[in-house]
Amino acid sequence: MNASHQINQLTASEILQQQRRAFLNAEPPTLTQRKANLKKLRDVVIAYRSELQNAVSEDFGHRSYHETDVMELVGIVQSIDYLSKKLRRFMKPDRRHVSLFYRSAKAYVEYQPKGIIGVMAPWNYPISLTLIPLATALAAGNRAMLKPSELTPRTSDVLHRMLSTTFSSDEVAVILGGPEVGAAFSALPFDHLLFTGSTPVGRKVMKAASDNLVPLTLELGGKSPVIIARGNINPRTLSSIAYGKLSNGGQTCVAPDYALVHEEDLEAFIQQYDETVTRFYPNGPDCADYTSIVSDRHYVRLQGLLDDAREKGARVIEMGTQPESASNRVRTLAPTLVIGAKEDDSIMQEEIFGPILPIKTYRDIDEVITYINDRPRPLALYYFGEKDADCRKLLRRTTSGNVGINNTIIHVAQDDLPFGGVGASGMGAYHGIEGFRSMSHAKGVFDQGRWNLPSLLQAPFGKLMELALVMTLGQKKTSK
Ligand code: NAD
């Protein structure tokens, strides 16, 4: 890592060594100290609220302050409050079963801080995807090094400033830089690394971490389907789908990527989606509540997906109010439906990550299940309809990181649910007790106490030993 990636003249590797020395030289933080760290984090987020809102909006070209509040800051504050409330219980050792032979002893699991947690974050929710992992790391008694995204440089800069005024660099440090810095960061010997980002970069990160046997949580992306049961096209369903698809301009890892709609419901879906988008954004995509695409590269990529689908015969329809004149805002892409895209069109192959929703029609639930299972396991799966036999079959026969029934994306805001992918959409999870435990070492302790019953198992073997063997293995059968 070169000089521009240094903090106070220390390289990331030196900061890691400094954090590790500090971690090893101190007692593990108590409940009170951990809660105090969480409170400091909560307070500084509130204090920097306006700066964060402005920085994100400038980084994206435009994002409403409300969206930053609702989709990021509320989530961080709720997550900190949840962790503070549950921490005493999470930290408590777990009593475990002791088998008959060893009954005089005690067995329990202690959740020890792992040490130094590396956090790598993407640009799409640059505040919450950096700070919720940080809150989890601090709750579990760790120190942390954060590597935010280079695509949201103003936000990363605010994160750097606010955290360096709140924590010393041997507690929490922010490392700034692009992919080369990311590559070097992922090769550091952390005690745990949580990476949120794309599946291709996740593969590289896993390779780099394997050299040091660093345990990983990989929060990746992919194509999350939304399935609408036959006859369930209604304003409630469409509102939830449009909310999940269009929040943050569609740049949400758990956004419904494509919709599976019954063939008889297609026209009703198109009409009601259009009405919903008009209701959400009455003045069209230039309105204050609609978020821009983060960079020229992503904007061109999304236009390319539409051109490719259109050239190969798909219907591409812009939804909602159409602006009367050309947009004067940068990188605004209208909410768009794509009907009849072919399986090998890029839009059906890669994660869309924008306000475009391709629709595929189906005839029955078995077709839906086969379609989903022929593809990499998604981060989220959404189902709209009755909780009937088809719904139960779909949930039994498919595997996804999480599931939403009659809603989209809200599961992420449930602090008590594990959040994570499976297969190509990720491994491991955070939020809930799962997050605390992934950043703690579960140390099994066997405490013999005063009485040494296992001596029964040692020679010379006696009557008690015989009795214990009968109780465990039964009477010995004499062979004929
Ligand atoms: P990305 O993979 O390009 O970047 C993520 C981080 O990795 C950034 O900090 C970046 O600097 C770093 N990086 C880039 N190249 C690297 C390399 N070669 N080695 C090491 N690090 C490198 O992802 P992105 O474009 O910032 O974010 C979008 C992706 O993230 C989407 O696929 C989305 O689905 C996914 N995502 C997943 C979740 C989740 O919780 N599962 C949440 C948000 C986003």
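1. Leu 213 is exposed in this predicted model, because its relative accessibility of 75% lies above the 50% cut-off. Leu 213 sits in the loop between α8 (199-210) and β7 (216-219). Its phi is near 50 degrees, a positive value in a residue other than glycine. Most residues other than glycine have a negative phi.

2. A positive phi, of about 60 degrees, is also found at Ile 409, which is not a glycine. Ile 409 belongs to the loop between β14 (402-405) and β15 (426-427). With 7% relative accessibility, Ile 409 counts as buried, since the limit for that class is under 20%.

3. The ligand is surrounded by 28 residues, and the closest are Ala 121, Glu 150, Ser 198, Leu 220 and Glu 351. The side chain of Ser 198 places an N or O atom 2.7 Å from an oxygen atom of the ligand. For the side chain of Lys 147, the corresponding distance to a ligand oxygen is 2.9 Å. Gly 197 contributes through its backbone, with an N or O atom 3.3 Å from an oxygen atom of the ligand. The ligand exposes 850 Å² when taken alone, and the protein buries 91% of that area.

4. Which residues make the nonpolar surface patch of about 400 Å²? The patch is formed by Leu 100, Leu 464, Leu 467 and Met 471. Met 471 lies in helix α16 (residues 463-473). Its relative accessible area is 57%, so Met 471 is exposed.

Key. Residues are numbered from 1 along each chain as its sequence is written. This is a predicted model: local features need pLDDT of at least 70, side-chain atom pairs count only at pLDDT 80 or more; totals for chains, interfaces and linings use all residues. Side-chain values use heavy atoms; hydrogens and water are left out. Patches are made of residues with over 30% relative accessible area and no salt bridge: like charges are joined within 9 Å, nonpolar side chains (Val, Leu, Ile, Met, Phe, Trp, Tyr) within 5 Å. Accessible areas come from the Shrake-Rupley method with a 1.4 Å probe; for residues, only the protein chains shown count as cover. A salt bridge is a side-chain nitrogen of Lys or Arg within 4 Å of a carboxyl oxygen of Asp or Glu. Helices (H or I, at least four residues) and strands (E, at least two) are DSSP runs, numbered from the N terminus. Buried means under 20% relative accessible area, exposed over 50%, partly exposed in between (1.4 Å probe, protein chains only). A residue is near a molecule or strand if one of its heavy atoms lies within 4 Å of it. A polar contact is a pair of N or O atoms within 3.5 Å; within protein, one must be able to donate a hydrogen and the other to accept it, and residues adjacent in sequence count only if both atoms are side-chain atoms.
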